[in-house]
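Here are some notes to read alongside the structure, written for someone meeting it for the first time. Please keep the view open while you go through the points.

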Amino acid sequence: MQSDKVINTVITSSVKKAAGFIRNGQLVGFPTETVYGLGANVYNEKAVRMIFRVKKRPADNPLIVHISDISQVAHLAKHISKSAETIIERFFPGPITIVLKKNEIISNFVSAGLDTIAVRMPDPEITQKFISMCDVPVAAPSANISGSPSPTTWRHVFNDLNGKISCILKGPKCSLGIESTVVDCTSDDPVVLRPGSISLDDLQELFPQKKIRIHSDPDKVRSPGVKYKHYSPDAKVMLIDSYEEIEGIIKFIKTEKIGFIGTTKIKGISIQQTVSSVEEYARQLFGFLRRCDHSGIKIIFCEKVEEKGIGLALMNRLQKAAEGEQDI
Ligand code: TXA
Ligand code: MG
């Protein structure tokens, strides 16, 4: 079993070489504009099952299928709804995933037994070339082991999966840094299952006649990943309104054990990330959480942001980290 024995992980900048591994039924870590993915040939059930083993991902959490050409949607989905067509036309390629009724030829392992399929077309040229050279759509969750934040650089993938997967396609740092917006398009009324870079306002503007909402019925989890632990570092994450809130307290804590991410630059805290925009905050967050764990940080203070635009998705990830939840 690939996950049990140590294998040689090839690190390459060659899209052609990386795609060869997918065609041979192996797993490849690859860059996207959101986070790095852990890819397999969607039609190769053995390779798809390997993703779950390697990541230690619960079998009831479905995968997103990545495409390089819009015509591939028709192979994966039974029916393309009007709402899906509208989103595809406006936002593909981009950081958004649509959920559609699944075509039966797609393995139930990909969809974790659901009758739906999640589809996304990443934007970067390197990702499009890679998927296109795989000759097949690529099923891929985020390329992290359960318990660590999503990877936003190839080094994060290496740290989690070296020796466990066949290849890492070395690309740039992810330009957005948090995962795609997931939208249920199985009906003509789109419902947001996971907030992301494409904001509620962006979707509302696209569908002026409809009321865009976030799915929030805990008894009827439509995006299974949402019920699992998410995005958590080992340290305790605490959300604060501003640095002033903790200024008094940190004098009494050993400052070398504290991490801080926010807009203020603070004297005396060694691990800190000063950000100048919500976009930069999103881009840096997961890498910062990993850096804190690496340095043995015990408490990470994270400044809250306004829950609008990408701020909604960022707060969603921050709250999950603060609840001690882990990524899957
Ligand atoms: O930006 C992203 O979406 C990244 C990159 C690699 O594309 N991928 C990613 O995958 O974040 P993952 O597996 O970590 O998260 C996928 C989310 C999970 O919450 C999962 O439950 C949901 O999408 N999902 C997948 N298929 C679904 C389906 N058929 N119905 C509802 N939710 C689905
Ligand atoms: Mg994930």
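1. Let us begin with a term: a residue is called buried under 20% relative accessible area, exposed over 50%, and partly exposed in between, using a 1.4 Å probe and protein chains only. Please bear in mind that this is a predicted model, in which local features need pLDDT of at least 70 and side-chain atom pairs count only at pLDDT 80 or more, while totals for chains, interfaces and linings use all residues. Residues are numbered from 1 along each chain as its sequence is written, chains are lettered from A and ligands numbered from 1 in the order in which they are written, and side-chain values use heavy atoms, leaving out hydrogens and water.

2. Now the chain as a whole. Its secondary structure comes to eleven helices and 16 strands, where helices (H or I, at least four residues) and strands (E, at least two) are DSSP runs numbered from the N terminus. The radius of gyration, taken over C-alpha atoms, is 19 Å, close to the 20 Å that the globule rule gives for 328 residues, so the chain is as compact as a globular protein of that length. That rule is 2.2 Å times the number of residues to the power 0.38. Along the principal axes, the C-alpha trace spans about 60 × 55 × 35 Å.

3. Of the 328 residues, 58% are buried. A contact means heavy atoms within 4.5 Å; among contacts with a separation of 6 or more, 69% are between residues 24 or more positions apart.

4. Next, please find the open sheet of four strands, ordered S13-S16-S14-S15 with parallel pairing; two strands pair if DSSP finds at least two bridges between them. Strand S13 (236-240) and strand S15 (271-274) stand at the edges with a single partner strand each, so one side of each has no neighbour in the sheet. On average, neighbouring strands of this sheet are turned by 15° against each other, direction ignored. S13 runs parallel to strand S16 (residues 299-303) and is joined to S16 by five bridges, with Val237 opposite Ile300 in S16.

5. Two helices pack on this sheet. Helix H10 (residues 278-294) touches strand S14 (258-262), S15 and S16, and its direction makes about 175° with that of S15. Helix H11 (residues 310-322) touches S13 and S16, making about 135° with the direction of S13. For such angles, axes are lines fitted to C-alpha atoms, for helices over the stretch in contact, and values run from 0 to 180 degrees between N-to-C directions.

6. How many aromatic pairs does a search of the whole structure find? There are three. Rings of Phe, Tyr and Trp (its six-membered ring) pair if their centres lie within 6.5 Å; planes under 30 degrees apart count as stacked, over 60 as edge-to-face and the rest as tilted. The rings of Trp154 and Phe158 have centres 6.3 Å apart and planes at 75°, so this pair is edge-to-face. Trp154 and Phe158 are four residues apart in helix H7 (residues 154-161), about one helical turn. Trp154 is buried at 17% relative accessible area, whereas Phe158 is partly exposed at 24%.

7. Tyr243 and Phe260 also form an edge-to-face pair, 5.8 Å centre to centre with 75° between the planes. Tyr243 lies in the loop between S13 and helix H9 (244-250) and Phe260 in strand S14, so the pair ties together parts 17 residues apart in sequence. Both are buried, Tyr243 at 11% relative accessibility and Phe260 at 0%.

8. Finally, the salt bridges: a side-chain nitrogen of Lys or Arg within 4 Å of a carboxyl oxygen of Asp or Glu counts, which gives nine. One of them joins Lys78 and Glu104, with closest N and O atoms 3.0 Å apart. Lys78 sits in strand S5 (residues 77-79) and Glu104 in the loop between strand S6 (96-102) and helix H5 (108-111), 26 residues apart; both are exposed. Lys308 and Glu306 meet in another, at 3.7 Å from N to O, and these two residues are exposed as well.
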